[in-house]
Amino acid sequence: MSKKRRVLLLKGLVWLLGLTPGVWLVWRGFTDGLGANAIEEVLHRLGDTSLIALLVALSITPIRRLTGWHILAPLRRPIGLFAFFYLTVHFLWYAVVDEGLAFEYIVEDVIERPYIMVGFAAWLLLIPLAITSTKGWIRRLKKNWQRLHRLVYVSTGLGLLHFYWQVKADTYWPIAAITVMVVLLLLRIRRKKPRRERERAVAAQRPRQEPLAD
Amino acid sequence: MLIRKPSDIPSSEITPESVYINRRKFIGKSAGIAAGGSLIGGSIGGALAGTPGRAAAQTAQVPQRDWSSVRTELGEELNSFEDVTTYNNFYEFGTQKDDPARNAHRLRPRPWTIEVGGMCANPGVYGLEDFIRPGTMEDRIYRLRCVEAWSMVIPWYGFPLKDVIDRADPLGSARYVEFKTLLDPEQMPGQRSNVLNWPYVEGLRLDEARHPLTILATGVYGQDLPNQNGAPIRLIVPWKYGFKGIKSIVSMTFTEQEPFNSWKRAASNEYGFYANVNPEVNHPRWSQARERRLGPNCGVFRCEQIPTMLFNGYVDQVAGLYAGLDLRVYY
């Protein structure tokens, strides 16, 4: 199989996995499977999905580095955009369905409830990243593009804090997610390898530099 | 073919007393409906429903009651049996709302014993049926407000806690009553995690405990309590947040010291001993001013948030208990 086809196949897989949580929620909605507090169930599952997608997107680069599977690189964008999509629906679900667009309550929540404020900030920070995720913007921003897109770490961190702060006592999943994030960050910091190794890695990457169909 | 000798029949298969006690109440209930058609009004500010009946020996079969027209004193509709039994907190079976319904089958609510002790003249260890014997059984339609800002309306079946306090005869120096839930990780797998300090502990001031709205429930919707709702016996204090309603109770102890209840122990800046429903006193992380009333008017796309009422709407009955108490300090 050509590389192009393999990338296409992987992208198909990402789309399939990315759409599954949404389809699953719609299915449960139609079959009365969301429980007594359906609005909250949908809200929570949308938030979970977005955080998982963010963590998966952040793990692509460390995985590439550890395994040499550079074919994964073009998957970062669709995964990140799925994360943004679910986060946007999560926010809209809160504002439109849960609060019924009662602005006085939404504003009060965002200002007075730290967990809502950080969640809101996480969403705001992702907006410019989603907008500048196209090839045109990558070209235009040059080096600044990468700097800008490091904001994804801040956004994910805020999202995890939002997750941690809203649970009542059972912090098992928030802590599991935070642990994943910490490991990913450590893998990034550890990047400074001895120069020889770095050069070898660069050399190994060179033949793969042809542009990949995104 | 397997023919079982009586001695082979486990005690769990013998009709539990609360089942036939539950049946008895239908007689009173049908009489109540026939007489007035209204289950509201009467005793405590209209919060009580149905006709009380002293537990006397009767085993007559009576038809299931029609709950569809039953409302609270404020005209609120009941949550369905399904809502009540599939969406609740009972961390002994897991921390998700559907965990109790999924895992509570491990609990063996019969036989069951309850230990009454501490500062009282008449301590003792009772089997469930002996324990509830002094109780005046009746349906109680109560709002249940969770500290997580959702609420339901639930037709419990039970008796005033006062009935068993009087039998225990607490000493003059006793000021509180403390309850504990069963501790058994075999039956309650959630107790294998340390999300709370086990066993679950709750308590009330004695005057709160003796208040006529405070009940011990053995049933819901005219049936025995399902395991996930705290079988075989649980506390209901309708003007307090739901976590005060300790489930699957195995002990009741009279004390001089304020009981150190589990949620206060877990996070004393967020959960107090009193836990009175109060829209003015927010949880540090979220507002308590409104609540999502689950049930017939709550769907996937629309579930109105309603204003939370002081003392969950039972202010006329219970405000006197807290005269002079700063509810912001004693939350």
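Start by selecting helix 1 (residues 3-30) and helix 3 (residues 76-98) of chain A: helix 1 of chain A passes helix 3 of chain A in a right-handed crossing (right-handed is when the near helix is turned clockwise from the far one by less than a right angle). Helices here are DSSP runs of H or I, at least four residues, numbered from the N terminus. This is a predicted model, where local features need pLDDT of at least 70 and side-chain atom pairs count only at pLDDT 80 or more, while totals for chains, interfaces and linings use all residues. Residues are numbered from 1 along each chain, and chains are lettered from A in the order in which they are written.

Look along the pair: the two axes, lines fitted to C-alpha atoms over the stretch in contact, come within 10 Å and cross at roughly 15°. That is why helix 1 and helix 3 of chain A count as roughly parallel (angles under 35 degrees).

Next, show the side chains where they meet. From helix 1 of chain A, pick A:K11, A:V14, A:W15 and A:G18; from helix 3, pick A:P78, A:I79 and A:F82. Contact means C-beta atoms, placed from the backbone, within 7 Å. This set divides into five nonpolar, one polar and one charged (Asp, Glu, Lys and Arg are charged; Ala, Val, Leu, Ile, Met, Phe, Trp, Tyr, Cys and Pro are nonpolar; the others, Gly among them, are polar).

Now go to helix 8 (residues 151-166) of chain A. Its buried residues (20 or more other C-beta atoms within 10 Å of their own) include A:L158, A:H162 and A:F163. The buried residues of helix 8 pack against helices including helix 3 and helix 9 (172-189) of chain A.

Last, bring up chain B: the contact takes 19 residues from chain B and 14 residues from chain A.

Terms used
Axes are lines fitted to C-alpha atoms, for helices over the stretch in contact, and angles run from 0 to 180 degrees between N-to-C directions. Helices (H or I, at least four residues) and strands (E, at least two) are DSSP runs, numbered from the N terminus. Angles under 35 degrees count as roughly parallel, over 145 as roughly antiparallel, 65 to 115 as roughly perpendicular and the rest as oblique. Two residues are in contact if their C-beta atoms, placed from the backbone, lie within 7 Å. The expected span of a helix is 1.5 Å times one less than its number of residues. A residue is buried if 20 or more other C-beta atoms lie within 10 Å of its own, exposed if 12 or fewer, and partly exposed in between; C-beta atoms are placed from the backbone.
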